Amino acid sequence: MKDELLNQIDEIVAELIKKNSIVTHDGRSGLYDSAISFLNSHGLIKNEINAYRYIINSPEIYNINEIGIREYLNENNRIKNLEITIKELTAINVDLQNKQLKRDVLFSTISFVVGAVITNIKDILILLEPILSFRIL
């Protein structure tokens, strides 16, 4: 964004905090209209019954008044980037948990089979004796 527009937004926010509303039909510049449009599109202000009068719609406007629009936009970008990073890390974590779960199921199955074979090895050898002796001959 241009510095002029950012400065205009800061001025509008300061005026909005002082007066609790803004009237836009009094022959202001296109830059002023762009700033109003930006604030309106981000849900920070809203039209009152009169189409030319805007009021505060979000408590974020007070935050913008304190830190300025530049810092607010930087903070929003940082928050969005952190949210994206959190989503990516969550996906990686779920993938790793799925792999670990598959390994746990595989090891449990192998352990069960090996335990069953070891516990019943004598019975298994008795059952296999006729088959093994037939093949040897």
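Valine 23 stands opposite arginine 53 of strand β3. In this predicted model, local features require pLDDT of at least 70 and side-chain atom pairs count only at pLDDT 80 or more, whereas totals for chains, interfaces and linings use all residues. Residues are numbered from 1 along each chain as its sequence is written, and side-chain values use heavy atoms, with hydrogens and water left out.

Strand β3 (residues 53–56) and β1 run antiparallel and are joined by three bridges. Strands are DSSP runs of E with at least two residues, helices are runs of H or I with at least four, and both are numbered from the N terminus. The open sheet comprises three strands in the order β1-β3-β2, with antiparallel pairing; two strands pair if DSSP finds at least two bridges between them. β1 (21–23) and β2 (45–47) are the edge strands, each pairing on one side only. From one strand to the next, the twist averages 30°. Helix α1 packs on the sheet and touches β1, β2 and β3, a contact being heavy atoms within 4.5 Å. The direction of α1 makes about 120° with that of β1. Angles run from 0 to 180 degrees between N-to-C directions, and axes are lines fitted to C-alpha atoms, for helices over the stretch in contact.

Helix α1 (residues 3–19) also approaches helix α3 (residues 60–67): their axes come within 9 Å and cross at roughly 120°. α1 and α3 are therefore oblique to each other; angles under 35 degrees count as roughly parallel, over 145 as roughly antiparallel, 65 to 115 as roughly perpendicular and the rest as oblique. The contact involves Asp10, Val13, Ala14, Leu16 and Ile17 of α1, which meet Ile61, Tyr62, Ile64 and Asn65 of α3. By class, seven of these residues are nonpolar, one is polar and one is charged. Ala, Val, Leu, Ile, Met, Phe, Trp, Tyr, Cys and Pro count as nonpolar, Asp, Glu, Lys and Arg as charged, and the others, Gly among them, as polar.

α3 packs against helix α4 (residues 69–119) at an angle of about 120°, with the axes 7 Å apart. This pair is therefore oblique as well. Glu60, Asn63, Ile64 and Ile67 of α3 make the contact with Ile69, Glu71, Tyr72 and Glu75 of α4. Four of the residues are nonpolar, one is polar and three are charged.

Aspartate 123 lies in helix α5 (residues 121–136). Its relative accessibility is 47%, so aspartate 123 counts as partly exposed (buried, under 20%; exposed, over 50%; partly exposed, in between; 1.4 Å probe, protein chains only).
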